[in-house]
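This report sets out computed features of one protein model.

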Amino acid sequence: MGAGELSALRVRLNNALAVSGLTKSQLAVRAGRSRTVVYQALRDGDPAPSPATVAALAQALGLPVDEVLEQFRTATSTSTSTRADSTGEPGEAGGSVSPGENGEPVGSASTGSDGTGGVPGAGGMGNRVHNSVSGTTTVHGSLVQAGSIGALTLVQHQHAPPPPAPAPAPGGGPAWPLRIGAVPDLVTAHQPRTALREQIHRAQSAAGTVVLSQVLSGGGGVGKTQLAAALAHHAGIDGTDLVLWADATRAEEVLGTYAAAALLVQAPGAAGQDVESDARAFLNWAATTGRSWLVVLDDVTEPDALRGWWPPAGVHDGGGQVPGEDGGAGVRHRAVITTRLKGADISGGGRHVLDVSTYTAAESAAFLRERLTLADAGHLLDEAVDEIGDVLGHLPLALGYAAAWMINEDQPCAVYVEHFRDQEQKLDQVLPARGNGEAYGREVAAALLLSLDAAQAAEPVGLAAPALDLAAFLDPAGHPAEFWQTGAVRAYLARARRSGKGVRGWRGLLGRVFSSSGRAAVGPGAGREAMRLLHRYGLITTRHEDPHRAVQIHALTARAVREALSAESKGTVVRAVADALLGLWPEEDHHDMARATVLRANTDHLWPLAGDLLWQPDGHELLYQAGSSHWRNGLPTAALAYWECQVAFAERLLGAGHPDTLTARANLATSYWTAGRTREAVQLLEQVLADSDRLLGPQHPDTLTARANLATSYWTAGRTGEAIALEEQVLADRDRLLGPRHPDTLTARANLANSYRDAGRTSEAIELLEQVLADSDRLLGPQHPDTLTTRANLAASYWTAGRTGEAIEMEEQVLADSDRLLGPQHPDTLTARANLAASYRTAGRTGEAIALEEQVLADSEHLLGHQHPDTLNARANLAASYRDAGRTSEAIELLVRVLADREQLLGPQHLHTLNTRANLATSYQTAGRTREAIDLQEQVLADREHLLGPQHRDTLNTRANLATSYHGAGREGESVGLLARVVEDSRQVLGEEHPHTRDRVERLRRWREQDDTFPQPGQD
């Protein structure tokens, strides 16, 4: 691809945008594209947009479309492929078209509304297509107050001087055993950490050297020193001849302790005149003695300074012992090193590195119970004891401080959890070091960030602190390592380096200021280098088990960092994190479901911490991406909670009439629909349309979108006549304002066709869809995904019109094309396969239908999970085919499972739950379990009358099915009266010529004539 030509085209589009006065969000609406697609199309460095996107942007900006497309073709003439955009054109709502209760469709393939408020079609595997309304939404959450790490009080470990030499033993030799240095006491309620101790002992048993050197590596406060102290105390009990404990924060401390030890063990050459000479004498003694020893170097911070001063890797005592002769069980010489560092410089020289993490949940709870009980404060234990471990990330240091606070304040666990979650409180207030009764003494924030000074001074210089700022706003459960390779991270780090002190004006804990002024520019790999630097200094951790959560930060470390940020710096950091997360999002969630799930979790962690910052100056695109991801992944409850927050903040910050507020309310309406709260969805969309009409004018693009969304909601609620009136108005306006072949116009035409089909006006629906297909075929090509979608919708209309052969032929073509172009497990391919299976079932080709549906169910379970809405749809469709094949018990088993899942996930009165209950009733009727069928149908009828109204098409279906069950149970009088009511309502709602009306009229006639040929279950 000619990068220069493509850049020139983007310059032309951006200049036209500047002249137009539109925002990019408004341009997205006018062009019928998502905001993400428009942003990427205009931004250098992103993949080339599709020709359809270029044409839509040119038309929306008033540029000559043919000329712009020619420029685009020139720019991409050497490109082998381009990235497809989401066009927002007609899509299949629904997935499979499956027979509903007694033969009436639960749902059909259909196009959707335009707009973020677009509502999924009735039933099936997909959603109605929606083109989002331009604008922003707002979020809310806890506000984190600013602070200054530089103001923290640092309390150093206090190490006693080496003890006086013991009295000489008889004969003048050392008085064995010797204890040199101050081994810390074990804290109250010390946990044995069985799993870690087992790792240490396994390493000891497998040791292939006479000297076992182990490095206990982990972040601040995880209990490395306590673990080493336990080993030292145990060595003393076991009779080890020499236990030496040295503070290793500075090499001078280590050498001083070695020198003192040399005199006490009477090492040859130790004269007490020169520290280094005596220290060397001690190491020589340790490498040749037959005495057992344990050397602990606690808190190594500068491995390079200890080069040449590590404990010996081997011992030659002349006693004939060779490495490994006892299988490791008889190791008598041992070195233990604790450090926050990770890397090659601590793992050389035969040293074995063991990662020390936090307590397990069980260890956290055991510590708190034991600590409080020993303090005669057992009455403070309550049901929140396990929750304390969760909120503190099971950090041993923090748990000790929390227990001390509860004891001192005489407050129970539940009160402490509430106290900790108060974001107005700083860490040192909720985890005070004072009064804890132990010897550690260091404030928790200082303990967590102690190694940051050294990291900030290490290469790449000046990037550790700003990189840690970014990590502090990410999910502690993990984020992808690719985050650190994004352009947003690199740009942020470059600004930090140019400033010479990091974005927040970093001052080290010891008062040093780190300047990087004049240093080299940040290179492409700087983000990853900074991430690895943080890992090396124990400020974050990396792992390889889950690539999507490869990088983690402890929640308390993150909180300590956030508390040190100024308000100005916080805004810069938050926007950089949001930009980076957005850049990682897959073009479609199904391309990488695991990645999308992790990014959604990180966004849900970010926006409450960000407060208003992601809405200044307008809503960040990440918020929209995450919000729609909740819908796409079948999370209706989470989507509803998310958009309720956005609406509340938009109304508070921007006002009820602001376009961004209207957008948030439209999104909330969609969430109401997916949660089964149809009436609230309709009411909210009616308000959005009224406000848009008043504030923006009746023909503004946003107003047209709001009208289309409301039409879709009417259609879903069974108010087909009102839906058609609105959709006819939308189509007329878009045809006049945008032209007959604009993507939004094609969407409007397809939506109207679906409503015509539902109203029984099948021939008109087919005429419109054939026009849409011809336009899509000509403009986009016969194998474009949107063209395939239109062809699938037309096939559904052929099916409704009884043209089953044509429907099957077209659906077989769609499936073959989707399989070849998109892949066999693409969601659109699964939808095409389900639609074809439904048509096979209708045509009596039940065996073929079952084979396809079993494949769809297996793929859905593998790709989406067992409880995803699309998986539940696939399971219900397979149950319908099993029932038609006479495999009634298998059908009932599947439907019982689907009903339980939908009641759990969606609630007992969600529309999809009612559909499943009605289908289960039909299967009961088929199996001769008439009483159970009638009980379920009466329950469904009462719920549908309450939720949808007495004349909704689904309510009419249920009433007709119940009439059939009454008649089969010999309750002829009730059945005839009930069906007569259904016929009257069908004539009024659907019209005399609708197929359902005609069928019901004929059935009522037969019943009244006492015809013995009654309709079988599943007919209506």
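Helix 11 passes helix 13 in a right-handed crossing, a crossing being right-handed if the near helix is turned clockwise from the far one by less than a right angle, and left-handed if anticlockwise. The model is predicted, so local features need pLDDT of at least 70 and side-chain atom pairs count only at pLDDT 80 or more, while totals for chains, interfaces and linings use all residues. Residues are numbered from 1 along each chain as its sequence is written, and side-chain values use heavy atoms, with hydrogens and water left out.

**Helix pair**

Two packed helices are described by the angle between their axes and the distance between the axes. For helix 11 (residues 361-374) and helix 13 (residues 396-409), the angle is about 35 degrees and the axes are 10 Å apart. Axes here are lines fitted to C-alpha atoms, for helices over the stretch in contact, and angles run from 0 to 180 degrees between N-to-C directions. Ser364, Phe367, Leu368, Arg371 and Leu372 of helix 11 meet Leu399, Gly400, Ala403, Met406 and Ile407 of helix 13, where contact means heavy atoms within 4.5 Å. The residues of this contact of helix 11 with helix 13 comprise seven nonpolar, two polar and one charged. In this division Ala, Val, Leu, Ile, Met, Phe, Trp, Tyr, Cys and Pro count as nonpolar, Asp, Glu, Lys and Arg as charged, and the others, Gly among them, as polar.

**Overall content**

The protein has 42 helices and ten strands; these are DSSP runs numbered from the N terminus, with helices (H or I) of at least four residues and strands (E) of at least two. Of its 1020 residues, 57% count as buried. Buried means under 20% relative accessible area, exposed over 50%, and partly exposed in between, with a 1.4 Å probe and protein chains only. Among contacts between residues at least 6 apart in sequence, 69% join residues at least 24 apart.

Six strands form an open sheet in the order 3-5-6-7-4-8, with parallel pairing. Strand 3 and strand 8 are at the edges with a single partner strand each, so one side of each has no neighbour in the sheet. Neighbouring strands of this sheet are turned by 15 degrees against each other on average, direction ignored. Two strands pair if DSSP finds at least two bridges between them.

| Strand pair | Sense | Bridges |
|---|---|---|
| Strand 3 (residues 178-180) and strand 5 | parallel | three |
| Strand 5 and strand 6 (residues 293-300) | parallel | six |
| Strand 4 and strand 7 (residues 333-339) | parallel | seven |
| Strand 4 and strand 8 (residues 351-355) | parallel | five |

Individual partners can be named. Arginine 179 has valine 243 of strand 5 as its bridge partner, and leucine 242 stands opposite tryptophan 293 in strand 6. Valine 211 stands opposite histidine 333 in strand 7. In strand 8, valine 353 is the bridge partner of valine 215, and leucine 354 that of leucine 216.

Seven of the seven residues of strand 4 (residues 211-217) are buried, so strand 4 is largely enclosed by the rest of the structure. One side carries Val211, Ser213, Val215 and Ser217, the other Leu212, Gln214 and Leu216, and both faces are covered. Strand 5 (residues 242-247) has six of six residues buried and is therefore largely enclosed too. Its covered faces hold Leu242, Leu244 and Ala246 on one side and Val243, Trp245 and Asp247 on the other.

**Arginine 351**

Arginine 351 is found in strand 8 and, at 11% relative accessibility, counts as buried. A polar atom of its side chain lies 3.1 Å from the backbone oxygen of isoleucine 346. Leaving aside neighbours within four places in sequence, arginine 351 is in contact with Ser213, Val215, Trp310, Ile337, Asp345 and Ile346.

**Backbone details**

A cis peptide bond, with omega about -5 degrees, joins tryptophan 176 and proline 177; proline 177 is in the loop between strand 2 (105-107) and strand 3. The bond from glutamate 459 to proline 460 is also cis, with omega near -5 degrees, and proline 460 lies in the loop between helix 17 (452-457) and helix 18 (464-471).

Glutamine 266, not a glycine, has a positive phi of about 60 degrees. Glutamine 266 is in the loop between helix 8 (251-264) and helix 9 (275-286) and counts as partly exposed at 45% relative accessibility. Aspartate 299 has a positive phi near 70 degrees; it is in strand 6 and counts as buried at 11% relative accessibility.

Note on methods:
A polar contact is a pair of N or O atoms within 3.5 Å; within protein, one must be able to donate a hydrogen and the other to accept it, and residues adjacent in sequence count only if both atoms are side-chain atoms.
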